[in-house]
Amino acid sequence: MLLPTGLFRTAGLVTAIACAGMVNPTISLATVTTASLCTYVSRPNCSFFLEGRISPDDVSIFKRSLEKAGSNGSLLLFLNSEGGDLSTAIEIGKLVRRWPNSSVQVLQDSKCFSACVFVLAGGLHRQVDGQVGIHRPFNSTTDSNTYESTQKAFRMLEQSAKGFLKDMNVPTSLYDEMISVPPQKLRLLTDAELTRFGIGQSDPAWQDNQDAVAARGYGYNKEEYLRRKERAHRICEALYVNKDKSGIELTVGEAGDIQDACKEAVLTNKTGRLLEETKLEVEESQRFRKQVEESLRLKKQNQDRQR
C-alpha cells in the first residue's frame, strides 16, 4: 500500500461499470476501463467491477463514472484488486459511501489487498467471500528522506486513514493492525478478524435502518424481526451443499439464491411478502453477479492457455 499522491502506494485499477437496463461500449480511460449497465425501477441500480492496481488518476475516472450513473440509486461494487495508492482508495471509498444504498463485495475467487480495504470499508453493505489482506503502507520512491520528514508523512497518513475508518464505522484498530505487518509481507484476515474489524459485514448504523424497514415490511416489531432473522441465519447455514456427497458444485450466485430463498421462507413462512421493487433489485444484483463470475472464469481460462 502506497502513501498519498504516489508517495505511498498499494495497487493499479480497472473498473467495469454495469447499471441494469442499458449497455454501452467499453471505454478506456487512463488505467480504468469503464462499461455502463444500469437498471431503472424507480431509481437507477448500478453494478461496478473494480479490478487491478489503484492509482491517483482513478479518483476522477471513478467519479465521472458514478456521475454518469446518477449517484442516487443502488450501487453494487465488486472488488478484485491487489491494492495501490492509499489516498486514492480512501477517496474512492468516500465516493462509494455517498450513494444512498451501496454494497461492496469480494467474490470467492477475488481478492482485496492493502489499499483496496479502504474501498471495501466505504460500502454500507460489505460482503467478503474471497481474500482480504493487509500490510503497512510504504514510500514507493527511492529518494533520500530524513527520518523527520518520513515520520511526518506517516503521521499525516495515520490521521487521514483513521479519520476515514471512523466515519465508515470501522474500528481504527484495523489501521494499527496494518502497521504491524511489514510492507514486503501480506497477512490474510480470518473470518473472525473480518467480523472484528467490521469489514466483513454491514455498517451498523445502516444495518439498523435496514432492519427497521424489513421489520415494518414483514409486520413485526424490531425485536421479533431480529429473532427471526437470527433463526433464519442458523437454519439456512445448515443447508450448505456438500459437493462431495451431492456431486453438485454450486456457483456463488446459486448458493446466494438458495440462501435468499431459505431466509425468506423462515422469515415469513410463505413467499410474496417483499415489495416488488426490492425483488427486482435483488434479481438484477444476482444476474450481474453471475455475469461477473462467468467473466472471471473465462479470464482464468485465457490465463491458463497463455501459460
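What follows is a chat about the structure shown above.

Q: What kind of model is it, and what are the ground rules?
A: It is a predicted model, where local features need pLDDT of at least 70, side-chain atom pairs count only at pLDDT 80 or more, and totals for chains, interfaces and linings use all residues. Residues are numbered from 1 along each chain as its sequence is written, and side-chain values use heavy atoms, with hydrogens and water left out.

Q: How many helices and strands in the chain?
A: The chain has 11 helices and 12 strands. Both are DSSP runs numbered from the N terminus: helices are H or I with at least four residues, strands are E with at least two.

Q: What share of the chain is buried?
A: Buried residues account for 43% of the 307 residues. Buried means under 20% relative accessible area, exposed means over 50%, and partly exposed is in between (1.4 Å probe, protein chains only).

Q: And what share of the contacts join residues at least 24 apart?
A: 71%, among contacts between residues at least 6 apart in sequence. Contact means heavy atoms within 4.5 Å.

Q: Salt bridges next. How many?
A: The count is 13 salt bridges. The rule asks for a side-chain nitrogen of Lys or Arg within 4 Å of a carboxyl oxygen of Asp or Glu.

Q: Which residue does Glu-91 pair with?
A: Lys-94, at 3.5 Å, N to O. Both residues lie in helix H2 (residues 86–97), 3 residues apart, about one turn of the helix.

Q: Where does Lys-222 come in?
A: The Lys-222 side chain meets that of Asp-208 in a salt bridge of 3.2 Å, N to O. Asp-208 lies in helix H7 and Lys-222 in helix H8 (residues 222–237), so this pair ties together parts 14 residues apart in sequence. Asp-208 is partly exposed at 44% relative accessibility, and Lys-222 is partly exposed at 29%.

Q: Which residues are linked in a network?
A: Arg-155, Glu-158, Lys-162 and Asp-176 are linked in a network of salt bridges.

Q: Switching to packing. At what angle do H7 and H8 cross?
A: Roughly 100 degrees, with the axes coming within 9 Å. Axes are lines fitted to C-alpha atoms, for helices over the stretch in contact, and angles run from 0 to 180 degrees between N-to-C directions. H7 and H8 are therefore roughly perpendicular.

Q: Which residues of H7 and H8 meet?
A: From H7, Gln-207, Asp-208, Asp-211, Ala-212, Ala-214, Ala-215 and Tyr-218. From H8, Lys-222, Tyr-225, Leu-226 and Lys-229. The residues of this contact divide into 6 nonpolar, 1 polar and 4 charged. Ala, Val, Leu, Ile, Met, Phe, Trp, Tyr, Cys and Pro count as nonpolar, Asp, Glu, Lys and Arg as charged, and the others, Gly among them, as polar.

Q: Back to H2. How does that helix pack on H4?
A: H2 and helix H4 (residues 147–167) pack at about 20 degrees, with axes 11 Å apart. That makes H2 roughly parallel to H4.

Q: Which residues are in that contact?
A: Leu-86, Ile-90, Gly-93, Lys-94 and Arg-97 of H2 meet Leu-157, Ser-160, Ala-161, Phe-164 and Asp-167 of H4. The contact of H2 with H4 has 5 nonpolar, 2 polar and 3 charged residues.

Q: Last topic. Where is Val-119, and what does it touch?
A: Val-119 lies in helix H3 (residues 116–121). Val-119 is buried, with a relative accessible area of 0%. Not counting residues up to four places away in sequence, Val-119 touches Ile-54, Leu-77, Leu-79, Ala-89, Ile-92, Gly-93 and Val-104.

Methods: Angles under 35 degrees count as roughly parallel, over 145 as roughly antiparallel, 65 to 115 as roughly perpendicular and the rest as oblique.
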